[in-house]
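Thanks for making time this morning.

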Amino acid sequence: LPAPGTYQLSSLQAVTFYAVSFSEIREKMELEIYMTKDFSQSQTDQADAAAIMNVKSNYGIKRNWQGDPCTPLSDLWDGLNWSYADSSSPRIISLNLSSSGLTGNIAPSISNLKSIEYLDLSNKSLTGAVPDFLSQLHTLRVLNL
């Protein structure tokens, strides 16, 4: 049997293995419980998902960023917030990468987060000029560098 943990079966299915031990006075019994996760919620907008995966790759982010960024609700990615407004798929509206050890330039793939309202890249070692593409993010209200 696999080790306890969550295993992604597909973009819509995962299985979680738990090992639970119960001890009694003279005997020890081990019970393994298997549960499936419900991935019936809509997947993140494809452009947003691709953009955030590029950001992850570009900066080598080592957070709990696995699977779909916005679903299921129990496994949302740290530093991301999303909204269903004006879309049947969740859109990323907030990205907080403060104190994440970022280096280099601001990743161009951020420009593909068309619904982003809040972007925090503070407390980092980013270099270079503030890119023009940030001015094209018309929904961006807060930019913290």
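A patch, as I use the word, is made of residues with over 30% relative accessible area and no salt bridge, with like charges joined within 9 Å and nonpolar side chains (Val, Leu, Ile, Met, Phe, Trp, Tyr) within 5 Å. A salt bridge here is a side-chain nitrogen of Lys or Arg within 4 Å of a carboxyl oxygen of Asp or Glu, and accessible areas come from the Shrake-Rupley method with a 1.4 Å probe, where for residues only the protein chains shown count as cover. The model is predicted, so local features need pLDDT of at least 70 and side-chain atom pairs count only at pLDDT 80 or more, while totals for chains, interfaces and linings use all residues. Residues are numbered from 1 along each chain as its sequence is written, and side-chain values use heavy atoms, leaving out hydrogens and water.

Val-130, Leu-143 and Leu-145 make a nonpolar surface patch of about 230 Å². Of these, Leu-143 lies in strand 9, residues 142–144 (strands being DSSP runs of E, at least two residues, and helices runs of H or I, at least four, numbered from the N terminus).

Turning to helix 1, Asp-48, Ala-49, Ala-51, Ile-52, Val-55 and Tyr-59 are buried, meaning under 20% relative accessible area, whereas exposed means over 50% and partly exposed lies in between (1.4 Å probe, protein chains only). Seen down the axis, the buried residues of helix 1 fall within an arc of 165°, so they line one face, the arc being that of the directions from the helix axis to the C-beta atoms. Gln-46 and Ser-57, on the other side of helix 1, are exposed.
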